Amino acid sequence: MLGLRVFLSPYKPFNDASKSWDPSEQPTWPASTVTLIEGDHDAVLVDGLMTLAEGEQVLAWIRGTGRRLVAAYVTHGHADHVFGLEPVLTAFPEAQLVTLAEIAPAVAGQTDEKLLALWNSYFPGQLSAHPRLPVAMSGDRLELEGQVIECVLLGRSDVEMSSVVHVPELAAVVAGDVAYNRVHMWLAGSDPKTRAAWIDSLDAIEELHPQSVIAGHKDPGTPDDDAARILDESRRYIRDFDDVVAGSESAPEIVAKMFAKYPTWGNPYTLTYAADTQRP
Ligand SMILES: [Zn+2]
């Protein structure tokens, strides 16, 4: 019997400013999740967080479950799902850090000198000096106490190449950044084509028939259990953004229209940043 447990790290301040952002307000990073797939004795972690402090919190949380970590899987190549893993992997040296062969190069790219400098400028003094990088799996399956965990390559989300983790026994999908749960979606730099491709990835999750979807970014307190709601809302948000961009002349206009449609969604900074990449 497997089980799922989700750890959520709340919105956290970081150093950046978009043009449309009120400079008197503090930019925040989206609230983020990691998921532990648990057997009776062992466990597999899906994604890590960003900072060393978050890594320590995740480590204490895993220890509290009494499970032995045997593997950690990274869904996609974004530092905020990887860099925080160092304290966890140091404490569980036998745990393998892995990802699909198609994803591994993008994760490694996060530690390029330029990107590493950017991440450190966002979170000065808070990141591992030597983030661990996943090794490419030879296939697309992990095993936990005799149960299969499928790592499914999907393609576009807020990054070019994304995967999700499907746990058939639990009818659950751990979605990384393919699905968001009531947090403004990272559409910075997107265009109509990449937005349509992201919707295709959400459709592909639906084809796995999950009952629960764990989004990599979710508003604290929002439930994970309604896969249909989460997939529908993510698709609708992307379509709405697409329509709003097409019908707007400026970034502030995009922001105002999207806020009117999604007044309660978390991390407004993500939206203002995305809007700046679409219109002056
Ligand atoms: Zn993310």
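This is a predicted model: local features need pLDDT of at least 70, side-chain atom pairs count only at pLDDT 80 or more; totals for chains, interfaces and linings use all residues.
Residues are numbered from 1 along each chain as its sequence is written, and side-chain values use heavy atoms, with hydrogens and water left out.

The zinc ion is coordinated at 2.0 to 2.8 Å by His 81 (NE2), Asp 177 (OD), Asp 177 (OD) and His 217 (NE2). Donors are N, O and S atoms within 2.8 Å of the metal (3.2 Å for Na, K and Ca); water is not among the atoms, so sites may look incomplete. Angles of 51 to 115° are subtended by the four donor atoms, which makes the arrangement irregular. Four donors count as tetrahedral if all angles lie between 85 and 135 degrees; four count as square planar and six as octahedral if opposite donors are over 155 degrees apart and all others between 65 and 115; anything else is irregular. Along the chain, the donors of the zinc ion follow the spacing H-x95-D-x39-H. His 81 lies in the loop between strand S6 (68-73) and helix H2 (86-91), and His 217 in strand S15 (residues 217-218), so the pair ties together parts that are 136 residues apart in sequence. Helices (H or I, at least four residues) and strands (E, at least two) are DSSP runs, numbered from the N terminus. Both His 81 and His 217 are buried, where buried means under 20% relative accessible area, exposed over 50% and partly exposed in between (1.4 Å probe, protein chains only).

Strand S4 (residues 32-38) is mostly covered, with seven of its seven residues buried. In a regular strand the side chains alternate between the two faces of the sheet. Ser 32, Val 34, Leu 36 and Glu 38 are buried on one side of S4, and Thr 33, Thr 35 and Ile 37 on the other. Strand S1 (residues 3-9) runs antiparallel to S4 and is joined to S4 by seven bridges; Phe 7 has Val 34 as its bridge partner in S4. Two strands pair if DSSP finds at least two bridges between them. S4 is also joined to strand S5 (residues 42-46), in an antiparallel manner, by four bridges, and the two form a hairpin with three residues between them.

The largest nonpolar core has 51 residues, and those with the most contacts inside it are Leu 45, Val 58, Ile 62 and Tyr 73. A second, separate core of 32 residues includes Ala 179, Met 185, Leu 187 and Leu 202. Such a core is a set of buried Ala, Val, Leu, Ile, Met, Phe, Trp, Tyr and Cys residues joined through side-chain atoms within 4.5 Å.

Most residues other than glycine have a negative phi. Asp 47, in the loop between S5 and helix H1 (52-65), has a positive phi near 70° and is buried at 3% relative accessibility. Ala 171, in the loop between strand S11 (162-167) and strand S12 (172-174), has a positive phi near 50° and is buried at a relative accessible area of 17%.

In helix H7 (residues 251-261), the buried residues are Ala 251, Ile 254, Val 255 and Met 258. They cover an arc of only 95° around the axis, taken from the directions from the helix axis to the C-beta atoms, which puts them on the same side of H7.
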